[in-house]
Amino acid sequence: MRLLLVEDTVALADQLLPLLRDHGYAVDWLADGRDALVRAHDDDFDLVILDLGLPGLDGLEVLRRWREQGLSMPVLILTARDSWAERVDGLRAGADDYLTKPFHPEELLLRVQAVLRRSHGSANQSRLRACGVELDEERQSAWLDQQEIELTGAEFRMLRYFMLNPGRLLSKIALSEHLYDGESERDSNVVEVHINRLRRKLGGQVIHTRRGQGYLFTGRG
Amino acid sequence: MRSIGARLGISLFVSLLLAGVLVGQGALWWLEREQRRISAGQLRDEAASVLAAMVPGPDGLVLEQEMLDPAYRRPLSGRYFVVLIDGQRWRSRSLWDARLPLPENPGMDTELLPGPDGQSLLRYRTRFRRDGQDLTVVVAQDYAPQQASFRDTRTAALLAWVVVLAALALVQQWLIRRGLKPLNAARRQIEQLRGGQRAELDQDMARELRPLVTEINRLQRHMEQQLDRSRHALGDLGHALKTPLAVLRNRCDTELRQRAPELHVLLLAQLDQIEANVRRALGRARVAAGATAATRFEPGQDLEALADTLRRAHRKPLNLVVHGTGLPPLAVERGDMLELLGNLLDNACKWAAGEVRLTLARDGGLLTVTVDDDGPGIPPSRREQVLQRGRRLDERVAGDGLGLAIVSDTVAAYGGQLTLTDSPLGGLRVRLALPLPD
């Protein structure tokens, strides 16, 4: 999952970046509204965490313009503006959720998870379920036939992305774009390595290869 | 202060009454004087006619009855004379057995003399000299009929005058009302301004009112700008305080929880308190307590969006139903109303098992808001306490207990009422009644 964090307070960003990365998200960080406006077009972000009081361009205005320009990625507003009128305005501008500062880090993670699942059409349960496979995002482990299977961070990230897009053909480039932030080095072999490891742990039929096109998560069903 | 209309009406009526009384009284006085003057002329002529009836006889003058007016022969006819000549006293037959006291001075007597048969006599005394004899003639006439007709005239005039006065008073009232029309128009516009149906007063007013209207408009704009500025300043302050608070809290959680649990708890408690105080102060200062045309709450536009916001904020299956989205725009400031509803619904959603219902209704001059939930409710004995302090009753559910405090601050600013009762859904029912300007 590739996230964009737009937050101008460096101290807060410094805390949020490791928090989000620890939970298996690839995060890019911007502090200026004008940069964010442009950047969202360059990369295919799965979610944006957007502060409202931004230098350059107000967050609400950034969001409005994104929506006008046809960008539909989910946006979670993270702001100190906590009046209900501002929350309503935020959702009206096209936000998917609204979290006010100060907040508990767990709350942010839960909201991010909920918005991601909703945007992929999954019900909001404690575990993510897709095609007979369950994923515990807290423990970063998979469940098959009531059996817990431990995953590495990279495997967890990849499986989550597959499970949020079940039955969709994902190219190697798309996978690496959604799993690594702008600063990571991308190597298509790494994707292949992780897919093979997942197959070894969950069974070979879980991820289907289409030669020259990409991969398909079919799970057990 | 009494109404200008009533004051004008009363003073104009009094002046009309005063002028009427003075003119009427003057006219009556003049009429009576004229009447007496005419009577005096008549009496002088009568005296001359009596003198003419004195003809020389064998033994001096005799009174030729035939030459006199027959009224002098009819008893108590109202016309009398007495002639004094050489110690002799001749009197008209009409006097019959009554005595006519003679006035002392010649000319018209000023006083009316009560005469026989309830008559009121006007007397006239004059002296003549005829054939070397001095004679004094006194004629008298009953003035009562004139007085009676005079009284009739006066009554009729008074009656006519009362009718005219009433008509004039009505005309005055109409004129006053017409004259005060611009004031009433201004008053209506001010009411509309207060009710948020217009942004400012029309400048196109009577010249006398224009400075007032200009000043009210200026004050209105000034107030809006001031409110806007202070709200912005508060928002900035909130932002400035909250981001560092978030940083501190997160730092606290990640680094102190294991290393110094006691310090962690202490810091979190203090941070909670700072946060609560900031939020309550901001909430209280944010209350506008009045809407302009641009800031009115429109149920159709905002209610569903608000419900949606709440559904997203609470991660549990909630059936949140909203009644009253069809209401017309209300004269309650949008921010205030959303804050009220948001906090009430937020509380309800926190406690509800799965059902929350919001009902907005207009009941005459009142806007009623009812929020029901199917949660555990609050026992009657603790409701007063909850309302007064707006404080957190149970810390197990996430929340700061500030919601109700902000709600009561806002309701107080609008002069409304907040009551807690049992809900038909099984939990708590919070009911707000806010007075709306007409």
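Predicted model: local features only at pLDDT ≥ 70, side-chain atom pairs only at ≥ 80, totals over all residues.

Helices (H or I, at least four residues) and strands (E, at least two) are DSSP runs, numbered from the N terminus. Residues are numbered from 1 along each chain as its sequence is written, and chains are lettered from A and ligands numbered from 1 in the order in which they are written.

**The two chains**

- Chain A has 8 helices and 12 strands, and chain B has 8 helices and 15 strands.
- A residue is called buried if 20 or more other C-beta atoms lie within 10 Å of its own, exposed if 12 or fewer, and partly exposed in between, with C-beta atoms placed from the backbone.
- By that count, 44% of the 221 residues in chain A are buried, while for the 438 residues of chain B the figure is 26%.
- Two residues are in contact if their C-beta atoms, placed from the backbone, lie within 7 Å.
- Take the contacts in chain A between residues at least 6 apart in sequence: 57% of them join residues at least 24 apart.
- In chain B, residues 24 or more positions apart account for 60% of the contacts with a separation of 6 or more.

**Where the chains meet**

- 26 residues of chain B touch 23 residues of chain A.
- On the chain B side, the elements giving two or more residues are α3 (210-259), α4 (261-286), α5 (299-313) and α6 (334-351).
- The largest share of that side, 12 residues, comes from α3(B).
- Sorted by class, the chain B side has 6 nonpolar, 8 polar and 12 charged residues. Here Ala, Val, Leu, Ile, Met, Phe, Trp, Tyr, Cys and Pro count as nonpolar, Asp, Glu, Lys and Arg as charged, and the others, Gly among them, as polar.

- Helix α1 (residues 10-22) of chain A has 13 residues and reaches 18 Å from its first C-alpha to its last, close to the 18 Å expected at 1.5 Å a residue. That expected span is 1.5 Å times one less than the number of residues.
- Which residues of α1(A) are buried? They are L12(A), Q15(A), L16(A) and L20(A).
- An α-helix has 3.6 residues a turn, so residues three or four places apart point the same way.
- V10(A), P18(A) and D22(A) are exposed, on the other side of α1(A).
- The buried residues of α1(A) pack against β1 (2-6) and β2 (26-30) of chain A, together with α3 of chain B.
- After α1(A) comes G24(A), with a positive phi near 85°.

**Nonpolar cores**

- A nonpolar core is a set of buried Ala, Val, Leu, Ile, Met, Phe, Trp, Tyr and Cys residues joined through C-beta atoms within 7 Å.
- The largest one has 63 residues, and L3(A), L50(A) and L76(A) have the most contacts inside it.
- Helix α6 (residues 153-164) of chain A gives the largest share of this core, 7 residues.
- Apart from this core lies another, of 40 residues, among them F297(B), L345(B), C349(B) and V369(B).

**Spots worth a click**

- A95(A) lies in the loop between α4 (84-92) and β5 (97-100) of chain A. Why does A95(A) count as buried? Because A95(A) has 26 C-beta neighbours inside 10 Å.
- Most residues other than glycine have a negative phi, and most peptide bonds are trans.
- K101(A) and P102(A) are joined by a cis peptide bond, with omega about -10°.
- Q146(A) isn't a glycine, yet its phi is positive, about 60°. Q146(A) counts as exposed because it has 6 C-beta neighbours inside 10 Å.
- L76(B) isn't a glycine either, and its phi is positive at about 50°. With 16 C-beta neighbours inside 10 Å, L76(B) counts as partly exposed.
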